[in-house]
Amino acid sequence: MPDPLLIIVALLCGMASRAIGMPALIGYLAAGFVLHELNTGGGEMLATLSEMGITLLLFSIGLKLQIRDLLMPRIWGTTVLHMLVTQLAVLAILSVAGQLMPELGLSVSTNLVIGFAFSFSSTVFVIQIMQERGEMASRHANLAIGVLIIQDLAAVLFLAASTGKMPELSALWLLLLIPARRPILRMLSLAGHGELFTLAGFALAILGAQLFDSLGIKGDLGALLIGALLAGEQKAKELARNLLYFKDLFLVGFFLSIGLGGWPPTSLMILALLIGGMALLKPLLYFPLFTRFHVAPRTALLASNSLANHSEFGLIVIAVAATQGWVDPDWSGAMSIAIATSFVVASPLNRLSHSLYRRHRMHFLRHESSMVRAQRPDTGDVRVLILGMGNIGTGAYEAIARSYGREVLGIDDNDRKLAQHLAMHRRVAAADASDPDFWHRIALDDLELVMLALTNHQENMLVADLLHQMGYKGRIAAVVRFEEEADALKAKGISAFNLYAQAGEGFAAHAARGLRERRRDDDPEETPQARD
């Protein structure tokens, strides 16, 4: 079957998976197994897509690296400890399985690689559920993604060492990439924002991989380091957004190729199902680790539940290890089954995460550290709350503070942004607008207005529902971008400001005001009535 038809089969299986509430990734893996049963193999196009997907994945990880954030103990400490304990647990299971099923041929070195592969959680799964719930800017999303980046870095180091080759002496020339950062950023600025900009991102990822590979270093590490070279800049964030869907699209080829490898033996499949289901135990370790590192209980719970799965990066680790002869190739199929199982069991858990916290809030609050309690924001004497202190929220704050003064409080999750507002003497605080603990500390009867300047419809709806559940009777106003979003909010009694439609009215008023001022300057004797 031609490769383009394989992609169509992947599309159909991905749509079917999404229709039953599962990530599309499960459908792609299933498509590979279905095609295997039809005695279909992949061609050069599929192999190229697979390789390109991995390269873009690593390049995108590099673009998101924020060393200062990753050095926080709650991120690197939790990640390292969790990976060690998870690997020990998988090693124990594999040791018992090796005794009960000697036909698996499990050695100590094989068990170490497999345990390492199962110690990751899925970046694709976490980002998908956070995007669907409108929580990508939340504290628990940032915490979970920080953990995932540390895990991904560990996997990249494994991939870099997997070739067994020593870098050539000429690899020292790679240090020249450091001063090349500014010229690269200028090139990206020159490329604008369209297809040329995206093409420049592709070129950087491919050139980075090829350059490192030619010097005896794993090319995947090159893609990651080139991305890391640009991290922290606005252009890097824009490039990561532009490449997101291309990366996911190309990774379809990788997931298909795993399924096309065929089913593992029955004994290995049973073991894979067992380990896949055990992903539900991951939050039982993540939660106490997070709270011990002074993470708020609700943030710890939501981040922990999102990480209750196994990772597509584990598939990459197993695939590389199989090419080196460290593990049996059948483990690629077993790993894919374990990942699919973990996604199936983790999806309901994540759907129930918010209600789980609300139902057992007092129990979870017992794990709150004294440091977290000391950092609670001052919410006294607040009459107006502005949720989201970006450009829109800041403009709203400045306008309404003229009337309400210090009775206006701006809320945001971005610590750097908050520091800038504090320097401008604005009253702001760090909090998650979807956190019921925050609203329990607000005197809702004294609150007159809540302004949702989040520009994320799912999050606006989530906060609005939460406020209604807690009995808030005041006025709520929200920013929307599309008419259907405005209709959904108005149905809940919320005033909606259409950012695009009403911005046009503001633009026209601004232009008309300019015309009046120009006529006044041209004709100083024009009466005020004529100007009006």
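**View 1. Thr86 in helix α5.** Thr86 belongs to helix α5, residues 73–100. Helices here are DSSP runs of H or I with at least four residues, strands are runs of E with at least two, and both are numbered from the N terminus. Thr86 is buried at a relative accessible area of 11%. Buried means under 20% relative accessible area, exposed means over 50%, and partly exposed lies in between (1.4 Å probe, protein chains only). Leaving out residues up to four places away in sequence, Thr86 touches Phe118 and Ser119. Contact requires heavy atoms within 4.5 Å. The model is predicted: local features need pLDDT of at least 70, side-chain atom pairs count only at pLDDT 80 or more, and totals for chains, interfaces and linings use all residues. Residues are numbered from 1 along each chain as its sequence is written, and side-chain values use heavy atoms, with hydrogens and water left out.

**View 2. Helix α6, residues 108–117.** Helix α6 is largely enclosed by the rest of the structure, because seven of its ten residues are buried. The buried residues are Thr110, Asn111, Val113, Ile114, Gly115, Phe116 and Ala117.

**View 3. Packing of α13 on α17.** Helix α13 (residues 266–277) packs against helix α17 (residues 330–351) at an angle of about 35°. Their axes are 7 Å apart. Axes are lines fitted to C-alpha atoms, for helices over the stretch in contact, and angles run from 0 to 180 degrees between N-to-C directions. The crossing of α13 past α17 is right-handed. That term applies when the near helix is turned clockwise from the far one by less than a right angle; anticlockwise gives a left-handed crossing. From α13, Leu268, Met269, Leu271, Ala272, Leu273, Gly276 and Gly277 take part. They meet Asp330, Trp331, Ala334, Ile337, Ala338, Thr341, Ser342 and Val345 of α17. By class, this contact of α13 with α17 has ten nonpolar, four polar and one charged residues. Ala, Val, Leu, Ile, Met, Phe, Trp, Tyr, Cys and Pro count as nonpolar, Asp, Glu, Lys and Arg as charged, and the others, Gly among them, as polar.

**View 4. The nonpolar cores.** The largest nonpolar core has 117 residues. Such a core is a set of buried Ala, Val, Leu, Ile, Met, Phe, Trp, Tyr and Cys residues joined through side-chain atoms within 4.5 Å. Phe59, Leu188, Leu271, Phe290, Phe313 and Trp331 touch the most other members. Leu271 contacts Ile93, Leu94, Ala97, Leu104 and Trp331, leaving aside its neighbours within four places in sequence. Another core, of 29 residues, lies apart from the largest one; among its members are Leu387, Ala429, Ile442 and Ala464.

**View 5. Leu188 in helix α9.** Leu188 lies in helix α9, residues 181–190. Leu188 is buried, at 0% relative accessibility. Not counting residues up to four places away in sequence, Leu188 touches Phe197, Ala200, Leu204, Leu230, Lys235 and Leu239. The C-alpha atoms of Leu188 and Leu273 are separated by 46 Å; along the chain these residues are 85 residues apart.

**View 6. Salt bridge between Arg361 and Asp437.** The side chains of Arg361 and Asp437 meet at 2.4 Å, N to O. A salt bridge is a side-chain nitrogen of Lys or Arg within 4 Å of a carboxyl oxygen of Asp or Glu. Arg361 sits in helix α19 (residues 361–365) and Asp437 in helix α23 (residues 436–440), so the pair ties together parts 76 residues apart in sequence. Arg361 is buried at 18% relative accessibility. Asp437 is buried too, with a relative accessible area of 7%.

**View 7. Further salt bridges.** The whole structure holds eleven salt bridges. In one, Glu448 pairs with Arg383, with the closest N and O atoms 2.6 Å apart. This pair links distant parts of the chain: Glu448 is in the loop between α23 and β4 (449–452), and Arg383 is in the loop between α20 (370–374) and β1 (384–387). Glu448 is partly exposed at 35%, as is Arg383 at 27%. Lys417 bridges to Asp412, with the closest N and O atoms 3.7 Å apart. Lys417 is partly exposed at 26% relative accessibility, whereas Asp412 is buried at 10%. Arg181, Arg182 and Glu233 are linked in a network of salt bridges.

View 8. His294 is not a glycine, yet its phi is positive, about 65°. His294 lies in the loop between α14 (282–292) and α15 (297–306) and is partly exposed at 34%. Asp381, also not a glycine, has a positive phi of about 60°. Asp381 lies in the loop between α20 and β1 and is exposed at 68% relative accessibility.
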